[in-house]
Amino acid sequence: MRKHFPLIQKHPELAYLDNAATTQKPQVVIDALVHYYTQLNANIHRSPHRLGAEATAAYEGARELVRDFIGAAKMEEIVFTKGATEAVNLVAQSFVRPRLQAGDNVVISIMEHHANFVPWQVLCAEKGAELRIIPVDEAGELDLSQLDNLLDERTKMLAVVHISNTLGTINPIKNIIQKAHEKEIPILIDAAQSVAHYALDVQELDCDFLVFSGHKVYAPTGIGVLYAKENILENMKPYQYGGDMILSVTLEGTTFNRLPYRFEAGTPPIAEAIGLGKALEFLRGVGQEAIQAHIHQLLVHATAELSKIEGLRIVGQAAEKSGILSFTLDHAHPHDIATLLDQSHIAIRAGHHCTQPLMERFGISGTARASFAMYNTMEEVDRLVDAVLGVVKVFS
Ligand code: PMP
């Protein structure tokens, strides 16, 4: 796999283990960007010339690739955003805000990334609604026994992460979606950490909304996806207004464009969307199951070896985990661990990982986090373990 990634090829000394933050990009994705800017560059949907038509076809082709990749029924259900964050905000502003009243509630979990936490917290505070939180146990698994009590007739949204970017926990979303729908509560799945390595089918899952970011699935930054069921999108008001999202504008008022363009105001990230389409084709070619199996092996090996280190605590020991491994070390601050590892050309993340309420739950300020992708190797895991042992020596 490594030969497909120019940055990895250029830096053979580097063990890039910060893939939950962002993944490296394969040559085919970089080529797609270069091809767009050297061969196709034009604005879409409105330029009447040949280039405009070609750029539009490429952009809409990318939407079709996304639709197919996540198993959506219609391209109308795929809204391009700049990332998972913007997609959650869109749902909060366009879907929940008009429906949320004082005394209502929104349910999320304690392991949400701030992107799926703060929009709900702010909205609830503004409306006098309650933000209810599904707790986690010591292993980092959601305590779903609480869910039935948390969801009631005043719940206007349940928004839950599929895979925790801090703990690596894979949540049983199918079961959670069913529980929400038993009470006719709409549900949003934050799939930012799962789309790259787990085949998702939104129709089979039957979720109402699903969000993810391109840059975590080997695609460019600045592009993301909101999937929403067509009948839901049809009844949502846009929250950003401008060009491309309108059918007609007069002094009296504006008629909005059809789906999904109504939710894509302004010139979108065209090249990035095309790059996302390429990345998904690339992922399909490699096979998500194969990637998942590889990453699982890395996780199992890393967990076994790191667990042997005295004073090392793995934060997140769920039975079902993806390739994300958070840990703390006695006497060493996570930032010191990351800085020392960087001296051995090992790139990991340190801090709260945009999950501060979760850190508070575990009584820590942050963790060091290694996260794996398709191009990582067992040898890199061994280097990680050796380097952590080196850190232990420094601080003992
Ligand atoms: N949710 C999860 C689980 C994430 O890991 C991230 C990114 N770390 C986000 C949402 C937000 O993604 P972005 O910053 O690309 O919008």
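## Ligand site

A nitrogen atom of the ligand lies 3.2 Å from a polar side-chain atom of His113, a polar contact in the sense of a pair of N or O atoms within 3.5 Å, where within protein one atom must be able to donate a hydrogen and the other to accept it, and residues adjacent in sequence count only if both atoms are side-chain atoms. The protein covers 85% of the 390 Å² of accessible area that the ligand has on its own, with areas taken from the Shrake-Rupley method and a 1.4 Å probe. The model is a predicted one, in which local features need pLDDT of at least 70 and side-chain atom pairs count only at pLDDT 80 or more, while totals for chains, interfaces and linings use all residues. Residues are numbered from 1 along each chain as its sequence is written, and side-chain values use heavy atoms, with hydrogens and water left out.

An N or O atom in the side chain of Ser213 is 2.6 Å from an oxygen atom of the ligand, and a polar backbone atom of Ala84 is 3.4 Å from an oxygen atom of the ligand. The residues around the ligand, including Asn165, Asp190, His215 and Lys216, are those with a heavy atom within 4 Å of it. By class this shell holds four nonpolar, six polar and two charged residues, where Ala, Val, Leu, Ile, Met, Phe, Trp, Tyr, Cys and Pro count as nonpolar, Asp, Glu, Lys and Arg as charged, and the others, Gly among them, as polar.

Ser109 belongs to strand S3 (residues 105-109), strands being DSSP runs (E) of at least two residues and helices DSSP runs (H or I) of at least four, numbered from the N terminus. Ser109 is buried, with a relative accessible area of 0%, the term meaning under 20% with a 1.4 Å probe and protein chains only. The side chain of Ser109 makes a polar contact with the side chain of Glu112 at 2.6 Å, and a polar atom of the Ser109 side chain lies 3.1 Å from the backbone nitrogen of Met111.

His114 sits in the loop between S3 and helix H5 (118-127) and counts as buried at 18% relative accessibility. The side chain of His114 reaches the backbone nitrogen of Thr355 at 3.5 Å.

## Nonpolar core

The largest nonpolar core has 103 residues, and those with the most contacts inside it are Leu158, Leu276 and Ile348; such a core is a set of buried Ala, Val, Leu, Ile, Met, Phe, Trp, Tyr and Cys residues joined through side-chain atoms within 4.5 Å. Helix H10 (residues 270-286) gives the largest share of this core, nine residues.

Notes
Buried means under 20% relative accessible area, exposed over 50%, partly exposed in between (1.4 Å probe, protein chains only).
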